[in-house]
Amino acid sequence: ALLVEWQGCPDCTKYGATVSVLYCGGKDKKHNMQRALLVCGMVAACFGAPAVPALLVEWQGCPDCTKYGATVSVLYCGGKDKKHNMQRALLVCGMVAACFGAPAVPALLVEWQGCPDCTKYGEGLVSKGLDKGLGPLMNLTVWYIAGHHPGVFADPDFLPFAACAQYVNATDVNYNWYSVLACANPGKTIADCETSTGFSPVQSAMIKQCISNTSLSSSLVATMNKAASAYNDYPWAIVNGKTMPEPDTHKDDITPFIDAVCKDYGSNSAPACQ
């Protein structure tokens, strides 16, 4: 990523301030800045300054170790908003996993826009997987076949969003773009779901720029549709080369998918794996 600025430029100031707070939101500016600095520290460890050496010695089962480790794991977000505190913690944990974790497990999900089974399976992946830290453990690809399920409103931006999101958001280890798609699949609009899921304005702008380039977005959608056409049932899920139990004949249960990712990653550190 390259950012070119001019010292003192008002637009640069506004743009930089937007990046620096990392969209933590809320009214508590002091603690939002602390969270931003924590995340920036993780980014520096990955991509910039030398990491600070640190040693932690523990004893398995030690109550003080448990308390100390739990404090570290939530990154001192504090406050009463547990849902968003967890989202912030997962954001940073995702960065840590990307830097220092085991290789991500390849996973493929093939869907059909508006398909009720896809909706149920996708909602399970979000609520039981992505919202609980599964994202950084896998390298997820999602393909949609051409067209849409009859009788369900189909937002024309849905397929271009799906294709462009995966084209421009390679660093979104928490797959927030998929949460938007899972929300929109049962007949909602992408715009409404970006709002309801709290999708990053920066990611949204990048995807919209891709979609507005009709030559590029049409090519991406066509490539995605062609890849998905090799499958005849939806949803269809493959984790690390292994086909998951056919969702529509197994109550669209996402559990085998999550279990396979956790097992092949070799860690149960994410809440989704516990």
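Here is a quick tour, from the overall picture down to single residues.

This is a predicted model, so keep its ground rules in mind: local features need pLDDT of at least 70, side-chain atom pairs count only at pLDDT 80 or more, and totals for chains, interfaces and linings use all residues. Residues are numbered from 1 along each chain as its sequence is written, and side-chain values use heavy atoms, with hydrogens and water left out.

**The whole chain**

- The protein chain has 11 helices and four strands; these are DSSP runs numbered from the N terminus, with helices being H or I of at least four residues and strands being E of at least two.
- Of its 274 residues, 37% count as buried. Buried means under 20% relative accessible area, exposed means over 50%, and partly exposed is in between (1.4 Å probe, protein chains only).
- The accessible surface comes to about 15,900 Å², and 60% of that belongs to carbon and sulfur atoms. Such areas come from the Shrake-Rupley method with a 1.4 Å probe, and for residues only the protein chains shown count as cover.
- Take the contacts (heavy atoms within 4.5 Å) with a separation of 6 or more: residues 24 or more positions apart account for 72% of them.

**Inside the fold**

- Helix α6 (residues 158-168) is largely enclosed by the rest of the structure, because eight of its 11 residues are buried.
- Those buried residues are F158, L159, P160, F161, A162, A163, C164 and A165.
- What covers them includes β2 (138-144), α7, α8 (190-197), α9 (201-212) and α10.
- Over in helix α7 (residues 176-184) you'll find A182, which is buried at 7% relative accessible area.
- Leaving aside neighbours within four places in sequence, A182 is in contact with G122, E123 and V126.
- The C-alpha atoms of A182 and G124 are separated by 9.3 Å, while the two residues sit 58 residues apart along the chain.

**Charges**

- The structure holds one salt bridge, meaning a side-chain nitrogen of Lys or Arg within 4 Å of a carboxyl oxygen of Asp or Glu.
- The partners are K242 and D264, at 3.1 Å from N to O. K242 lies in strand β4 and D264 in helix α11, so the pair ties together parts that are 22 residues apart in sequence.
- Both ends are partly exposed: K242 has 39% relative accessibility and D264 has 25%.
- K120, K128, K132 and K251 form a positive surface patch. Patches are made of residues with over 30% relative accessible area and no salt bridge, with like charges joined within 9 Å and nonpolar side chains (Val, Leu, Ile, Met, Phe, Trp, Tyr) within 5 Å.
- For charges, Lys and Arg count as positive and Asp and Glu as negative, while His and the chain ends are not counted; the place of a charge is NZ of Lys, CZ of Arg, CG of Asp or CD of Glu.

- Most residues other than glycine have a negative phi, and most peptide bonds are trans.
- The bond from Y234 to P235 is cis, with omega near -5 degrees; P235 is in the loop between α10 (214-228) and β3 (236-239).
- N240 has a positive phi of about 55 degrees. N240 sits in the loop between β3 and β4 (242-243) and is partly exposed at 40%.
- K251 has a positive phi too, near 60 degrees. K251 is in the loop between β4 and α11 (255-265), and counts as exposed at 71%.
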